[in-house]
Amino acid sequence: MVAVLIWWLVLQLIGVLALPVALKLLRFLPDRGFGFARPVGLLLTGYLFWLLATFGILQNTTPSIVLVLLLVGGLSAYLWKREGREMLAFLRGETRMIIATELVFLVALAGFSFFRAYNPEIAWTEKPMEFGFINAILRSRTFPPSDQWLSGYAISYYYFGYVIAAMLTRLSGLPSDITFNLTLVTLFALTASGAFSLIYNLVRAYLQRPGQSAEQGSWLGRWAAPWAGLVGAVLVALMGNLEGVFELMRARGLGSEALFRWLDVKNLQPLQTDALSATWYPTDTWWWWRASRVIHDRDVLGNSMEVIDEFPFFSFLLGDVHPHVLALPFVLLAVALALNVALSWRQRPPVQAAEDKDAGETPAKGGLWGAWQRFAGDLWAGGTFDLVLWGLLLGSLGFLNTWDYPIYLAIFVAAYAFRRQADYRQLGWAWLGDVVLVGVLLLALGVAFYFPFYLGFRSQAGGIGFVGDIKTRWHQYLLMFGAFVFCMAGLLTALWLRYGRGVDGRRLSPASQVAALLTVAVMGLAVAQGWWTTALIALLAGGAGVLLLSAARFTGEGAEAQPIMSTSSLFALLLMVAGLLLTGSVEFIFLRDTFNTRMNTVFKFYYQGWVLMGLASAYGLFYVIHRLRSVKGVGRVGLAAWSVAAVLLVGGGLSYTAAATVSKANGFQGEPTLDGTRHVAQSRQADYEAIQWLRENAGPGAVLLEAPGGSYTEYNWVSAHTGIPTVLGWGGHELQWRGNYDEPGKREPDIAAIYQGTDPASVRELLEKYDIDYVYVGQLERNKYHLSQPMIDKFDRVMRRVFENGSVVIFRAF
């Protein structure tokens, strides 16, 4: 499709313009950040565009975006001028890596475009809301953009991802009806390529560890990293959970009623013989939705409670361009930043403190200034450049999907702490102060860079709540994460067998001993209470944590210092611990919101848990299979059996992917298109034509009145499709975004009075109160307010009739 080609060219342009920045920033990765050039470019361009439009320096126009691109290109040109020869030499020697990375991105982009072309509708769930955000941003001259569902107010939501989507829409010149789907396609491709690049770098770093020169030159050294990277892309972006296996069984009449009752997945029940699927995949309506509801809480009376457990492929399948999906590529960029820091010890000279000592000079002193001297002077050339971009890129997660920011800031700081331990003997305990300083600085920078957003942001968050007696059943947890649990358990076992006894007779470090005692205590409590999911998580997270704290130490002095365990394995353990702790925390606490249950906390934490454990599992598969080469006898048979079992579990997860893809695309029948509004033209032609008229004729700053409706309904599609703010849209969502219903509650009776009133003076007064330029009278308005002809005709006395087509009439203020 031409639209896909145009979109790909725009993304390539952004990636090329930001490539030198990525190569400089992520220079300690084996691929030097090549795989993350596009996310870096999107964030830098999007940030500058948003910031300059927020302060009114630039307008929200295509020339403004081009100017911002030139600014990013200017930074890259400066870096290329200084280090271009070295960068070019690196790129020339990495042809295989470049081709593999670009192929993964291109195949993912093209493949998912094909899928979306058979399932393009911007309808149902929250797609109208997200479409409205993009259109409202496109109509806003400056930022913050107008809220399409509460006129006179700015969007009170983490909307940075929608700014980036609108920016790409302007650059491509394509209509938002198409770019909505292309945005989703891009997110899938960036997530797949980001996971590929992360695992590629982890494996290459492992194979490049000291003493492995022969292995690097072998077939394994050349191809292990790309193949492992593909596994990473599959586990993170493509695989579903294991609920799909039972869906396929159910579709063919397999499985007893007792089995499905024990599973207790919401709405998953055996089919009657006459309702069995006629195809190899299930055909009942929205069957694929159940995979996002495998965690099924029940209260003390046995009543069902809503819990969301989405995973990335479900989100891509569903088609919602929601903040947790918009943030996925940049979450992986944050992990790459952490890995880059963790690997930096391998390519730097001894710390300046040691050099000063050898030269007879006074080393950098303690305190804030001393820590800054060590950071900017010791920690590679360009320390300030790194710090600023770390703060900017990590801080973007707060604006993209606020839940993610503290998670990945903590992972980054943990990686930095490992890196700083290399200087332990030279700096003493000052390294710990440096870690705290960098963490505080990054938090401060992350808030400062995006302060205009936080200044106007309102949230439904209301503190920490305690879960109480509700606990996740172990078999439902394994339905969700079973493939990952198995892979991570294999990795953990292999690492314990190799490193569990320490090096040179070392005993567990004090921190490891504390972690071990805490693990035993939590497991004992969990087993006593029958909290089997908690016990499982504690066993894995505790075992990984103890090993991580014990092995994340360096032996040797100065430039000869080496970590006990490979940095790649340590980093995989860190991701494993983080993912397990996130999924385990919701057994006890949740973030209070308007629902006052753990529903959203499970949703957000499980989602990031999937990403982190998916990455750790991909590395685990590589590591265990790699160990097969050096193990003999019974051990080799055991590892081979484990590998087969892991492949079967991954295949079980991919069964959901295959079946749900075909089902959601309706067997790839019909005419393909990426136009997400084609169904509106076919099913609501009068509304479609009215929407097109408003798009062409409504000027900047216009306000629309249409009937407000409940969330997830067909109400307020006009404002969503045009981006023109309406007086009130989905009220339930406004409550969630703003934490109260004060303003929406005031508007509801006024809107009813405007539609149902017959006194022109009173109606005119209310129209002026909300600065309404257009009143929309369609079938939904007629039905909701039971409009009589006199109620409609009264608008002719206070406004001008400017559009009429069948059941739709649009009135415009004089």
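Which helices each supply at least two residues of the lining of the largest pocket? The legends below take up this point first, for a model that is predicted.

**View 1. Helices around the largest pocket of the predicted model.** Helix H18 (404-420), helix H19 (424-427), helix H23 (510-529), helix H24 (532-551) and helix H25 (567-585) each supply at least two residues of the lining, and H25 gives the most, with 11 residues. The space in this largest pocket comes to about 1,200 Å³.

**View 2. The centre of the largest pocket and the make-up of its lining.** Of the 46 residues that line the largest pocket, Ala-511, Ala-515, Gly-545, Leu-548 and Leu-549 lie nearest its centre. The lining residues divide into 34 nonpolar, 9 polar and 3 charged.

**View 3. The second largest pocket and its lining.** This pocket has a volume of about 860 Å³ and is lined by 43 residues, of which Tyr-158, Gln-460, Asn-600, Phe-603 and Lys-604 lie nearest its centre. Two or more lining residues come from each of helix H12 (312-318), helix H13 (323-326), H18, strand E6 (589-591), helix H26 (599-627) and helix H31 (731-738), and H26 gives the most, with 6 residues. The lining of the second largest pocket divides into 22 nonpolar, 12 polar and 9 charged residues.

**View 4. Helix H27 and its kink.** Helix H27, which runs over residues 634-664 and has 31 residues, reaches 45 Å from its first C-alpha to its last, close to the 45 Å expected at 1.5 Å a residue. A kink of about 25° in H27 is centred on Gly-653, and the helix is followed by Asn-666, whose phi is positive, near 55°.

Key
Residues are numbered from 1 along each chain as its sequence is written. This is a predicted model: local features need pLDDT of at least 70, side-chain atom pairs count only at pLDDT 80 or more; totals for chains, interfaces and linings use all residues. Side-chain values use heavy atoms; hydrogens and water are left out. Helices (H or I, at least four residues) and strands (E, at least two) are DSSP runs, numbered from the N terminus. The expected span of a helix is 1.5 Å times one less than its number of residues. The bend at a residue is the angle between axes fitted to the seven residues ending there and the seven starting there. On a 1 Å grid over the protein atoms alone, a cavity is a set of points where a 1.4 Å probe fits but cannot get out, and a pocket is an open set with protein on both sides within 12 Å along at least five of seven lines; lining residues have an atom within 4 Å of a point. Grid points are joined across faces, edges and corners, and a volume is the space filled by probe spheres set on the points. Ala, Val, Leu, Ile, Met, Phe, Trp, Tyr, Cys and Pro count as nonpolar, Asp, Glu, Lys and Arg as charged, and the others, Gly among them, as polar.
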